[in-house]
Amino acid sequence: MSESDAPSGKPQSYTRKTLGDSEDKPKAPEIYKCCNNPQITYLAPVNINIDERTIGSVDVWRCAACMKSFCEEKTLGIDSISDIVGMPRIEDNEKWAVIISKLQKGKDKWKLVKLKETGIIKFETSDEKLIDLKIQDHKIVDDFHSSFLVLDHIHTAVEI
Ligand SMILES: [Zn+2]
């Protein structure tokens with residue numbers, strides 16, 4: 001038996017850890033960028049009306065470099081100051097849409113969402129129940145819910 005047979009996984013407890021290589025250093029969250037050179041500017045609002053009265057709106061922002069759009073839901077009376085850093089992420093196969101519930105009233109009647117072309121979206125009702133809604137061609141297909149695409153209604157008011 002020679003010494004070279006000794007197990008190689010010998011504990012290295014005396015090895016000094018390289019400074020600056022600490023793994024418990026807090027890492028800043030990754031900021032979402034739509035492209036390499038984002039130039040995001042405010043585009044327009046889409047107003048949400050009930051009986052010709054505006055109850056809320058969706059603010060639409062667009063990146064001049066990659067033309068991706070970003071939407072933000074606004075309920076009347078609640079101010080939200082937009083920050084470009086906080087633009088919500090949207091995938092290439094998703095579109096901004098508003099889901100309208102026939103079962104709810106007032107501000108609970110609508111919700112900004114991102115719809116894939118087909119599939120199922122989990123939708124939270126105002127009484128915090130999760131329901132499955134079917135998507136077909138970027139539209140909700142359901143007896144009690146409908147939807148429209150935000151970018152088809154720039155600068156207009158949509159009666160819900
Ligand atoms: Zn961009």
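Predicted model: local features only at pLDDT ≥ 70, side-chain atom pairs only at ≥ 80, totals over all residues.
**Entry 1: His155**

I started at His155, which lies in the loop between strand 9 (145-149) and strand 10 (157-159). I take strands as DSSP runs of E with at least two residues, and helices as runs of H or I with at least four residues, both numbered from the N terminus. The phi of His155 is positive, about 70°, although the residue is not a glycine. Is His155 buried or exposed? At 64% relative accessibility, His155 counts as exposed. For the cut-offs, buried is under 20% relative accessible area, exposed is over 50%, and partly exposed is in between, with a 1.4 Å probe and protein chains only.

Residues are numbered from 1 along each chain as its sequence is written, and side-chain values use heavy atoms, with hydrogens and water left out.

**Entry 2: Glu52**

Next I looked up Glu52, in the loop between strand 1 and strand 2. Its phi is near 65°, again a positive value in a residue other than glycine. Glu52 is exposed, with a relative accessible area of 71%.

**Entry 3: the whole chain**

Then I stepped back. How many helices and strands does the protein have? I get 0 helices and 10 strands, so from the N terminus on my sketch of the elements reads β-β-β-β-β-β-β-β-β-β. Of the 160 residues, 32% count as buried.

I also checked contacts, meaning heavy atoms within 4.5 Å. Among those between residues at least 6 apart in sequence, 45% join residues at least 24 apart. The accessible surface comes to about 11800 Å², and 50% of that belongs to carbon and sulfur atoms. That area is from the Shrake-Rupley method with a 1.4 Å probe; for residues, only the protein chains shown count as cover.

**Entry 4: salt bridges**

I searched the whole structure for salt bridges and found 6. The test is a side-chain nitrogen of Lys or Arg within 4 Å of a carboxyl oxygen of Asp or Glu.

The side chains of Lys116 and Glu94 meet at 3.3 Å, N to O. This pair links distant parts of the chain, with Lys116 in strand 5 (residues 110-116) and Glu94 in strand 4 (residues 94-101), 22 residues apart. Lys116 is partly exposed at 37% relative accessibility, while Glu94 is buried at 16%.

Asp132 bridges to Lys122, and the closest N and O atoms are 2.9 Å apart. Where do the two sit? Asp132 is in strand 7 (residues 130-136) and Lys122 in strand 6 (residues 118-124), 10 residues apart. Asp132 is partly exposed, with a relative accessible area of 45%, and Lys122 counts as exposed at 56%.

Lys107 and Asp108 form another salt bridge, with their closest N and O atoms 3.6 Å apart. I have Lys107 as exposed at 52% relative accessibility and Asp108 as partly exposed at 37%.

**Entry 5: rings**

Last, I went through the rings. The search of the whole structure gave 1 aromatic pair, and Tyr42 and Trp61 form it edge-to-face, 5.3 Å centre to centre with 75° between the planes. Tyr42 lies in strand 1 (residues 40-50) and Trp61 in strand 2 (residues 53-63), so the pair ties together parts that are 19 residues apart in sequence. Tyr42 is partly exposed at 40% relative accessible area, whereas Trp61 is buried at 13%. Rings of Phe, Tyr and Trp (its six-membered ring) pair if their centres lie within 6.5 Å; planes under 30 degrees apart are stacked, over 60 edge-to-face, the rest tilted.

One more ring turned up: Lys111 lies over the face of Phe123, at 5.1 Å from the ring centre. That call needs NZ of Lys or CZ of Arg within 6 Å of the ring centre and within 35 degrees of the ring normal.
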